[in-house]
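Visitor: I would like to go through this structure with you. May we see the sequence and the model?

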Amino acid sequence: MKTLLIIGIGAGHPEHITVQAARALGRVDVFFLLDKGEHKGKLNALRRDILERHTTPGAYRVVEVLQPERPAGSDYRASVDVLNTRKRAVFEQLLDDEVADGECAGVLVWGDPSLYDSTLRIVEAIAADGVRALDYEVFPGVTSVQALTAAHRITLNSIAGAVQITTGRRLAAGMPDGVDTVVVMLDAQDGFLALLGENLDIYWGAYVGTVDEVLLSGRLDDVAKMIVQARQEARRRHGWIMDSYLLRRRT
Ligand SMILES: C[S@@+](CC[C@H](N)C(=O)[O-])C[C@H]1O[C@@H](n2cnc3c(N)ncnc32)[C@H](O)[C@@H]1O
C-alpha cells in the first residue's frame, strides 16, 4: 500500500498553513512538486519555503515535474477534461516510479484542496480504479477567499446572507439571484465590468498574502477602472496575475 497526503498550504502567505498540515509534511518520504512554468516560479518558491520551514533537511526526496497545460480551445469544459486526464497520467507515473510500497508521498496544494482544484478528483479516480493499492488523506489549508477577507478586514457573508463562490466566466451572466455576496476567482477578463450600475461594493486583491499583495476596494462603479489598470500593471510587472474579489450588494 502507498499513501498520498494532499496538503493544503495556504494561498501565498507562508504562515497560512495549519499545524496539522505542517505535521503531515513530516510524514512524507517523497514530495511531488508540480511546476507551473517560469512565470509562476514564485508559487514554487513558496512551496520550497514551506518545506524548509517545516521539515528536516535530508528526510525526504523531492520530485519536480512540469504540470501539463490546459489545451487552447473555445470549449472550456472539454479542455479542462483533457488537462485532468494529462494530470492523472502524471500522478500515476509518479506513484508508480517514485514511491516504494509502504512509503508516503505528498502533494502541496495551493490554498485548500476543496476549492477550484482538481487534485482530489484525480486522486480519488486513481484510488478507485484498483490498479494500485493507494490510500490518501486530505489536510485543509487557508483558502485565497479567507486570505482576501482577512486582508480587507471584512466578513465573508452579511448577517444571515447567502454567499456564492464563482468564476469570472460565470459572472458574465450577471449577479446571481438570492445572494448578496459573490466571491469571484479565476477571472481572466475583468468580469466585474459587466456589473457596473448594480449598486455593489468590491473588495479586490492580487497576490494576497505575498510580498506583492495589492488591495483595492470601494463602490464598484467608482473603483472598477482603477482595478482594471492595477490588473494590467500587475500583469506587466509579474508576467501573470493571481487575483480574486468579493462583490457585495450595498444596503
Ligand atoms: C485554481 S484556483 C485555486 C484556489 C485555491 N485552491 C484556494 O484555496 O484558494 C486559483 C485562483 O485562486 C485565486 N487565488 C489563489 N491564490 C490567490 C492569492 N494569493 N491572491 C488572490 N487570489 C488568489 C485566484 O482567483 C486564482 O485564479
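Visitor: Which residue has a backbone N or O atom 2.8 Å from a nitrogen atom of the ligand?

Guide: First, the basis: this is a predicted model, where local features need pLDDT of at least 70, side-chain atom pairs count only at pLDDT 80 or more, and totals for chains, interfaces and linings use all residues. Residues are numbered from 1 along each chain as its sequence is written, and side-chain values use heavy atoms, with hydrogens and water left out. A polar contact here is a pair of N or O atoms within 3.5 Å. The residue at 2.8 Å, through its backbone, is Trp110.

Visitor: Which residue places a polar side-chain atom 2.9 Å from a nitrogen atom of the ligand?

Guide: Val208 has a polar backbone atom 2.9 Å from a ligand nitrogen. The side-chain atom belongs to Ser244.

Visitor: How much of the ligand's 570 Å² does the protein bury?

Guide: The area comes from the Shrake-Rupley method with a 1.4 Å probe. The ligand taken alone exposes 570 Å². The buried part is 90%.

Visitor: How many residues surround the ligand?

Guide: A residue counts if one of its heavy atoms lies within 4 Å. By class, the shell has 9 nonpolar, 5 polar and 2 charged residues. The closest are Ala11, Asp112, Leu115, Ser144 and Asp243, and the total is 16.

Visitor: Is Asp190 buried or exposed?

Guide: Asp190 is not a glycine, yet has a positive phi of about 55 degrees. Buried means under 20% relative accessible area, exposed over 50%, partly exposed in between (1.4 Å probe, protein chains only). At 17%, Asp190 is buried.

Technical notes: A polar contact is a pair of N or O atoms within 3.5 Å; within protein, one must be able to donate a hydrogen and the other to accept it, and residues adjacent in sequence count only if both atoms are side-chain atoms. Ala, Val, Leu, Ile, Met, Phe, Trp, Tyr, Cys and Pro count as nonpolar, Asp, Glu, Lys and Arg as charged, and the others, Gly among them, as polar.
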